[in-house]
Amino acid sequence: MHNPGSTTQERFPATERFADGAQFIAGRLTKGTSGRTHSVVDPATGAEVYTYDLAGTDDADAAVAAAREAFPAWAGATPGERSDALHRFAAVVAERAEDFARAESLQCGKPLKLSREFDVPGTIDNITFFAGAARHLPGQSAGEYSGDHTSYVRREPIGVVGSIAPWNYPLQMAAWKILPAIAAGNTVVLKPAEFTPLTSLLFAQAATDAGIPDGVINIVTGTGKEAGEHLVGHPDVAMTSFTGSTAVGKRVAEIATATVKRLHLELGGKAPFVVFDDADLDAAVNGAVAGALINTGQDCTAATRAYVQRPLYDAFVERTAALMETVRLGDPFAPGTDLGPLVSHAQRDRVAGFVDRARAYARVVTGGETPLGDLSGGAYYRPTLIADAAQDSEVVQSEIFGPVLVVLPFDTDDEGIALANDTPYGLAASAWSRDVYRTGRATREIKAGCVWINDHIPIISEMPHGGYKASGYGKDMSAYSFEEYTQIKHVMFDNTAVVRKDWHRTVFGDR
């Protein structure tokens with residue numbers, strides 16, 4: 001439980017680092033110019049922990065100008081120089097790992113053990129991966145494809161990248177946006193969610209302290225409506241990378257169209273969790289609880305729809321509910337906590353609304369309530385299992401983004417795969433079976449950017465993350481992500497020592 005005597009200073013000693021403001025432009029912290037303030041709130045207690053001046057359009061302009069000024073030198077650096085800078089960056093983040101973990105848990109409410117063992121190590125691994133990737137820009141070697149001409153392909157940086165990151169994994173999302181872009185020679189302006197700016201600011205400061213030049217990484221902390229939309233529409237921003245809801249992603253795409261900029265969208269998810277009748281039931285139950293409750297369910301790849309073949313359905317529901325009831329809610333900074341609060345009371349109330357409406361058409365097996373007592377002041381919600389909902393119901397089709405798992409039965413393999421595909425989303429999925437032919441079919445036919453087999457949720461820096469359908473397009477992490485932050489140029493030259501007139505005759509005729 002939360003220690004009433006525990007202060008923000010004790011939980012996160014580095015708060016004073018942000019005294020100069022929450023905008024990081026050209027290598028230094030400044031205050032926002034919007035004339036409005038915003039407070040970071042500890043969702044475990046409801047206490048305000050940091051109040052700052054929000055960015056306005058002037059701050060976004062200044063950040064873009066700084067990134068544009070830094071671009072020629074950074075793009076002109078050798079791959080080895082960029083790689084060395086990123087390796088130094090990884091070392092600085094590793095030295096400050098505890099500060100990053102505490103800031104992430106304070107602003108998001110996630111258990112400190114999750115920040116320490118997942119978010120921060122994953123971020124360091126990402127930096128290290130892209131430090132290596134910086135030295136390997138894949139292209140096509142020279143070749144003669146047209147008579148006496150030699151062709152080759154250059155991959156070049158795009159320019160200034162304007163990125164918008166969500167509040168559920170602010171540190172890792174900052175890394176996923178920034179690292180492939182700067183490894184490829186671009187410069188970045190990142191707008192984090194106004195609820196969760198702390199680790200993005202620490203990240204940018206660590207980069208500067210590691211020797212990455214001023215202006216290569218800039219942070220603008222403001223609202224999506226003002227700073228975010230201005231950044232997306234800015235004529236000097238060559239590419240926009242956005243992670244968030246599908247509805248907002250559509251708005252981002254609409255704005256970006258006006259300047260015909262490149263777009264990378266990682267949007268909503270409603271991941272199916274398909275359990276065939278020959279699956280290891282205990283493994284599936286444990287995987288479902290872990291996959292549904294990771295980060296309090298605030299994960300676009302979280303297991304949200306479990307489809308269980310009918311012979312296992314009743315046992316799966318019973319065992320999953322029993323395991324959910326053992327999950328320990330508590331203070332994110334307490335060692336024994338399994339599940340922290342949602343990011344805000346507003347998000348908690350949104351999740352509760354989905355569950356309350358579902359009572360009219362489905363069965364809430366366990367959870368479905370806010371805890372009382374010592375946790376009542378935080379944005380907590382008990383792990384919730386809903387059974388017997390219809391496929392077209394709200395809790396099956398809509399992204400809830402909380403600790404809620406819906407379980408439905410199916411009869412045939414065809415039906416299970418069809419149900420898995422029956423939402424607008426296609427970000428991630430998992431299939432559970434001992435039969436290699438069943439799992440092979442699932443990987444082919446489930447329309448999602450990632451399909452796990454007998455597991456749900458692990459990700460690695462070397463492999464891509466991104467969706468199908470309304471879950472967006474483009475990849476984070478991996479060499480595929482790196483390539484997205486480059487543009488391809490075909491270079492072709494004549495190998496002969498004389499001016500070729502025959503080509504001109506072909507085009508224009510004799511003169």
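**A helix, its surroundings and some buried residues**

Helices here are DSSP runs of H or I with at least four residues, strands are runs of E with at least two, and both are numbered from the N terminus. This is a predicted model, in which local features need pLDDT of at least 70 and side-chain atom pairs count only at pLDDT 80 or more, while totals for chains, interfaces and linings use all residues. Residues are numbered from 1 along each chain as its sequence is written, and side-chain values use heavy atoms, with hydrogens and water left out.

Helix α10 covers residues 281–293, 13 residues in total, and spans 18 Å from its first C-alpha to its last. That is close to the expected 18 Å, where the expected span is 1.5 Å times one less than the number of residues. At the start of α10, a side-chain oxygen of Asp-280 lies within 3.2 Å of the backbone nitrogen of Asp-282. Several residues of the helix are buried, including Leu-281, Val-285, Gly-287 and Leu-293. Buried means under 20% relative accessible area, exposed means over 50%, and partly exposed lies in between (1.4 Å probe, protein chains only). The cover over the buried residues of α10 includes the strands β12 (271–275) and β13 (303–309) and the helix α11 (310–324).

Another helix, α4 (residues 97–108), contains Ala-101. Ala-101 is buried, at 1% relative accessibility. Leaving aside neighbours within four places in sequence, Ala-101 is in contact (heavy atoms within 4.5 Å) with Leu-112, Ser-115, Arg-116 and Val-120. Pro-111 is ten residues from Ala-101 along the chain, and their C-alpha atoms are 9.5 Å apart.

The cysteines come next. The whole structure has zero disulfides, a disulfide being a pair of cysteine sulfur atoms within 2.5 Å. Cys-108 is in no disulfide, and the nearest cysteine sulfur, in Cys-300, is 14 Å away. Cys-108 is buried, with a relative accessible area of 5%.

Asp-476 is buried but has no salt bridge, meaning a side-chain nitrogen of Lys or Arg within 4 Å of a carboxyl oxygen of Asp or Glu. The nearest side chain of opposite charge, Lys-177, is 4.5 Å away. Lys and Arg count as positive and Asp and Glu as negative, while His and the chain ends are not counted.

Note on methods
Polar contact = N/O pair within 3.5 Å; in protein donor to acceptor, adjacent residues only side chain to side chain.
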